[in-house]
Amino acid sequence: MLTTIEAIYEDGKIIWEETPPATKRAKVIVTFLEESNLITSDKPSSKKRVGGSLKGKIQIPDDFNKPLDDLKEYMY
């Protein structure tokens with residue numbers, strides 16, 4: 001079984017973001033990501049989501065829920 005747990009490696013130590021599963025012995029694989037890929041709670045994100053930013057740009061046709069003619073042969 002594989003389990004993925006996020007952690008931060010800093011100053012020769014691993015800081016776990018969650019508790020590893022209880023096991024006496026396990027083989028582990030450590031992958032180091034570039035620091036630019038790290039998201040930490042210390043640094044606020046520069047991009048914030050704005051709710052409703054697509055309002056008026058997306059339209060749903062009136063016949064959206066109408067059965068498709070291409071699928072008639074699959075209907076019972």
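User: Before we get to the loop, what counts as a strand here?
Analyst: Strands are DSSP runs of E, at least two residues long, numbered from the N terminus. Keep in mind that this is a predicted model.

User: OK. Where is D11 found?
Analyst: D11 sits in the loop between β1 and β2.

User: What is phi of D11?
Analyst: Near 55 degrees. That is a positive value in a residue other than glycine.

User: Is D11 buried or exposed?
Analyst: Exposed, because its relative accessibility is 71% and the cut-off for exposed is over 50%.

User: Switching to rings. How many aromatic pairs does a search of the whole structure find?
Analyst: The search finds 1 aromatic pair. Its partners are Y9 and F32. The centres are 5.4 Å apart, with 90 degrees between the planes. That makes the pair edge-to-face.

User: Which parts of the chain does the pair link?
Analyst: Distant parts. Y9 is in strand β1, residues 7–10. F32 is in the segment after β2, which covers 13–16.

User: How exposed are Y9 and F32?
Analyst: Y9 is partly exposed, at 49% relative accessible area. F32 is exposed, at 59%.

User: Which residues make the nonpolar surface patch?
Analyst: Y9, I14, W16, V28, V30 and F32. The patch is about 700 Å². Both ring partners, Y9 and F32, belong to it.

User: And W16, where does it lie?
Analyst: W16 lies in strand β2. W16 is partly exposed, with a relative accessible area of 48%.

Definitions and conventions:
Residues are numbered from 1 along each chain as its sequence is written. This is a predicted model: local features need pLDDT of at least 70, side-chain atom pairs count only at pLDDT 80 or more; totals for chains, interfaces and linings use all residues. Side-chain values use heavy atoms; hydrogens and water are left out. Rings of Phe, Tyr and Trp (its six-membered ring) pair if their centres lie within 6.5 Å; planes under 30 degrees apart count as stacked, over 60 as edge-to-face and the rest as tilted. Helices (H or I, at least four residues) and strands (E, at least two) are DSSP runs, numbered from the N terminus. Buried means under 20% relative accessible area, exposed over 50%, partly exposed in between (1.4 Å probe, protein chains only). Patches are made of residues with over 30% relative accessible area and no salt bridge: like charges are joined within 9 Å, nonpolar side chains (Val, Leu, Ile, Met, Phe, Trp, Tyr) within 5 Å. Accessible areas come from the Shrake-Rupley method with a 1.4 Å probe; for residues, only the protein chains shown count as cover. A salt bridge is a side-chain nitrogen of Lys or Arg within 4 Å of a carboxyl oxygen of Asp or Glu.
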